[in-house]
Amino acid sequence: MKTKTHMIVPVFIPHLGCPYRCVFCNQTDITGNQGRADEKKLDATLTTYLGETPPDQLPPNREVAFYGGSFTGLPAKRQENLLKQVQPWVQKGLVSAIRLSTHPLYIDEGRLVLLKQYGVRTIELGIQSTDPEVLELSGRPCPWETVKSAVKLIRKNGFRLGLQLMSGLPGDTEETFLESVDDVISLKPDFARLYPTLVIRHTELFQLYQEGEFTPWSLDFTVDVLSDAIQKFSAEQIPVIRLGLHPDPSMLENLVAGPYHPSLRYLVDCRIGLNEMVDRIRQIKKVNGTVKFKVPSKRISVYIGHKRKNIETLKKMFRLENVILQPERNCDRLRLIA
Ligand code: SF4
């Protein structure tokens, strides 16, 4: 069995410090009530995750993560109090790092000095889109210049940087989303997270959806666009560490519409697998009834596709009788052999 090397202790700060209410956002319902960052609950959360298991049975890397609001938008004193509370756990060696997410509007030298002082190692910025119209329609205008200077300061101060984007926001198209992806890549983050827009109850987007003013992207279209996005990120060696919202019970209860799937990453990887096979077949002049590929054994399932969909699609597309996938342990990439 693979041993877990990393553990996240999630501490949610729903909407705290937010500069505005983005139309899609209801942090309270997507994160539930666990691990809120009020000072009393914070200690209880740390104890639940770290205090009840002998340290030698915990994964070696243990990170406290402040998520769900704009941490650096909180008053400085509040930020300091929260970070201070984690320090005894750091000193006991139970917490190895702290990470947080915030808004680019709230990054400056003063704020970063405070974060550094308390051992924050990673900062994630919610970018969501770089298209001014999409941002405006989503209720979160933010000039690109602000994003760039926030990123520059974060880098200059030696933090790890993560950037988050959303697909299918109001006014977003395949084109604007992929442009946002290119913009984010140009900032060279250490990692990215991609979230398709979902309609969650108690949000402005829910209202727009009910009034017929907003239509979420379909799952199929989302998978298609995200597969292009993932390929762009991997071409630049930028890991996409999360695709889609975590299936928190509270989020699922409040989910009304949109491209949610519990295995979204797998669906996207299958689509990438399908695209690769289509490209290879297109390179052959004449296709005679059967095609045969050698595939890395570890990735065979993404070539077969969810419920064998890739095989069936190839058969239909190229009028094939048979598609044979031969798994090979030493094969590092897809090869068309017949
Ligand atoms: S998306 Fe971020 S900035 Fe916007 S309301 Fe939600 S937590 Fe606040």
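User: Which residues is Val268 in contact with, leaving aside its neighbours within four places in sequence?
Analyst: Val268 is in contact with Val223, Leu226, Ser227, Ile230 and Leu243. Here, contact says that the C-beta atoms of two residues, placed from the backbone, lie within 7 Å. Keep in mind that this is a predicted model: local features need pLDDT of at least 70, side-chain atom pairs count only at pLDDT 80 or more, and totals for chains, interfaces and linings use all residues. Residue numbers start from 1 along each chain as its sequence is written.

User: OK. Which residues have the most contacts inside the largest nonpolar core?
Analyst: Val268 is in that group, along with Val11, Leu163, Leu165, Val184 and Leu226. The core has 73 residues. A nonpolar core is a set of buried Ala, Val, Leu, Ile, Met, Phe, Trp, Tyr and Cys residues joined through C-beta atoms within 7 Å. Buried requires 20 or more other C-beta atoms within 10 Å of a residue's own, exposed is 12 or fewer, and partly exposed is in between, with C-beta atoms placed from the backbone.

User: Which helix gives the largest share of this core?
Analyst: Helix H11 (residues 264-282) does, with six residues. Helices (H or I, at least four residues) and strands (E, at least two) are DSSP runs, numbered from the N terminus.

User: And where does the core lie relative to the domains?
Analyst: Domain 1 (6-262) and domain 2 (269-336) both give residues to the core, so it lies between them. Those bounds come from an automatic or database domain assignment. The C-alpha centres of the two domains are 36 Å apart.

User: New topic: sheets. What's the strand order in the open sheet with three strands?
Analyst: The order is E11-E10-E12, with mixed pairing. Strand E11 (322-328) and strand E12 (335-336) are at the edges, each with a single partner strand, so one side of each has no neighbour in the sheet. Two strands count as paired if DSSP finds at least two bridges between them.

User: How many bridges join E10 to E11?
Analyst: Seven bridges join strand E10 (residues 290-296) to E11, and the two run parallel. Along that pair, Val295 stands opposite Pro327 in E11.

User: What about strand E1, which strand does it pair with?
Analyst: Strand E1 (residues 6-12) pairs with strand E2 (residues 61-67) in the parallel sense over seven bridges. Pro10 has Ala65 in E2 as its bridge partner. E2 is also joined to strand E3 (residues 97-102) by four bridges, again in parallel. On that side, Ala65 has Arg99 in E3 as its bridge partner.

User: Which residues make the covered face of strand E6?
Analyst: In strand E6 (residues 191-196), Ala192, Leu194 and Pro196 make the covered face, while Phe191, Arg193 and Tyr195 make the uncovered one. Strand E5 (residues 160-167) runs parallel to E6, joined by six bridges. Arg193 in E6 is the bridge partner of Gln164.

User: And Ile241, buried or exposed?
Analyst: Ile241 counts as exposed, with 12 C-beta neighbours inside 10 Å. Ile241 is in strand E8 (residues 240-243). Not counting residues up to four places away in sequence, Ile241 touches Phe191 and Arg193.

User: What does Gly139 touch, beyond its neighbours within four places in sequence?
Analyst: Gly139 is in contact with Tyr20, Arg21, Cys22, Val23 and Glu204. Gly139 lies in the loop between helix H5 (132-137) and helix H6 (144-156).

User: Last one: what's the phi of His202?
Analyst: His202 has a positive phi of about 65°, although it is not a glycine. Most residues other than glycine have a negative phi. His202 is in the loop between strand E7 (199-200) and helix H8 (204-210), and it is partly exposed, with 13 other C-beta atoms within 10 Å.
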